[in-house]
Amino acid sequence: MTDSGSPAAAPAAAPPAARRISAVTSGKGGVGKTFLSANLAAALARAGRRVLVLDADLGLANLDVVLNLFPKLTLHDVFTGKVRLHEAILPAPGGFSVLLAGSGMVEYSRMTPEVRAQLQGVIDEVAPRYDHVLLDTGAGISDVVLYTVSLAGQVLVTATPEPTSLTDAYATIKVLAATQGRRRIHLVVNQVRRPGEGRQVRAQLQQVVDRYVNPTLDAPVRIELLGEVPADPAVRDAVLRRQLLLDTLPGTAASLALVALAARMLE
Ligand SMILES: Nc1ncnc2c1ncn2[C@@H]1O[C@H](COP(=O)(O)OP(=O)(O)O)[C@@H](O)[C@H]1O
Ligand SMILES: [Mg+2]
């Protein structure tokens, strides 16, 4: 059960465990990764799954803010040996578990070998205990972000239809293909303004990848649309209230889209 020794000493994750780990990442910041991670976790938990969300935005965490949690124990305390891993795993309002991180911690702005080993150890230890582990990463292609994404079997690239977000999503996909051998990318298009815009965005991204990235690779990168979530004022309301959209405004368009997204993840 919660028999944790030193996290770094945990055995390497077996491939089936890795498949249950999904990194929610993006090229550009502020596109909705944390909002999606929390509400997707709630939707998966409602479907009866055991879910853990790990705040992998180690230095600039804000999963706690979205969930209205005031963490006394975070991953930092686990890394520094202050507490054992199971003590830092907290219940979240949506029926899932969270491992929170701290904010304003400059020591996590670069990935050191120690932090690498610690994070890998934590993931290896938690993965077998959950049906889904979601890693809410930071944005961009820094070594911290790329390393946390490398720990996941599945990558969910989040983008909005804005040109700046698409350019950065393309860059992220290109780097993940080149440095991690990723050939399958799941795309979530957030803040769409009309139904079907997600499909259009996927096609656009695939076209650029086919033209500039795939010719350089042994096997082509396929972008699959996991789902689209409409731009919905209810999202901002829920974030301001520090509540899950699924709990506080369940019938809204964004809420229904998230439930559909979770269902597709379970297929
Ligand atoms: N579908 C949406 N509709 C409207 N606003 C959204 C939507 N998704 C996200 N937002 C807004 O964007 C903000 C930033 O989202 P967040 O999840 O913190 O982004 P990230 O984790 O990618 O930096 C949210 O607080 C919310 O106000
Ligand atoms: Mg975030």
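**Figure 1. Q120 in helix 6 of the predicted model.** Q120 has its place in helix 6, residues 113-126. The model shown here and in the other views is predicted. Q120 has 19 other C-beta atoms within 10 Å and is partly exposed. The count stays out of the buried class because that class needs 20 or more other C-beta atoms within 10 Å. T179 is 59 residues away from Q120 along the chain. The C-alpha atoms of Q120 and T179 are separated by 18 Å.

Figure 2. S26 counts as buried, with 26 C-beta neighbours inside 10 Å. Which residues are in contact with S26, leaving aside its neighbours within four places in sequence? They are V31, K33, A139, V157, T158, A159, A169 and T172. T172 is 146 residues from S26 along the chain. Even so, 7.1 Å separates the C-alpha atoms of S26 and T172.

**Figure 3. The shell around ligand 1.** Ligand 1 is surrounded by 17 residues. G32, K33, T34, F35 and V235 are the closest. The shell holds 7 nonpolar, 7 polar and 3 charged residues.

**Figure 4. Helix 2 against helix 12.** Helix 2 packs with helix 12, residues 253-266, at an angle of about 65°. Their axes lie 9 Å apart. The crossing of helix 2 and helix 12 is right-handed. On the helix 2 side, the contact is made by N39, L40, A43 and L44. On the helix 12 side, L258, V259, L261, A262 and M265 take part. By class, the residues of this contact are 8 nonpolar, 1 polar and no charged.

**Figure 5. Q191, a residue with positive phi in strand 7.** Q191 is found in strand 7. Its phi is near 60°, a positive value in a residue other than glycine. Is Q191 buried or exposed? Q191 counts as buried, because 20 C-beta neighbours lie inside 10 Å.

**Figure 6. N68, a residue with positive phi in a loop.** N68 lies in the loop between helix 3 (63-66) and helix 4 (75-79). Phi of N68 is near 60°, again positive in a residue other than glycine. N68 is exposed, with 12 other C-beta atoms within 10 Å. The exposed class takes 12 or fewer, so N68 falls within it.

**Figure 7. The whole chain, as context for the close-ups.** The protein chain contains 12 helices and 8 strands. Its C-alpha atoms fill a box of roughly 50 × 45 × 35 Å along the principal axes. The radius of gyration is 18 Å, which agrees with the value near 18 Å for a compact globule of 267 residues. Of the 267 residues, 48% count as buried. Among contacts between residues at least 6 apart in sequence, 77% join residues at least 24 apart.

Definitions and conventions: Residues numbered from 1 in each chain as written. Chains lettered and ligands numbered in written order. Predicted model: local features only at pLDDT ≥ 70, side-chain atom pairs only at ≥ 80, totals over all residues. Near = placed C-beta within 6 Å. Nonpolar A, V, L, I, M, F, W, Y, C, P; charged D, E, K, R; others polar. Helix = DSSP H or I, 4+ residues; strand = E, 2+ residues; numbered from the N terminus. Rg over C-alpha atoms; globule rule 2.2 N^0.38 Å. Contact = placed C-beta atoms within 7 Å. Axes fitted to C-alpha atoms, helices over the stretch in contact; angles between N-to-C directions. Left-handed = near helix turned anticlockwise from the far one by under 90°.
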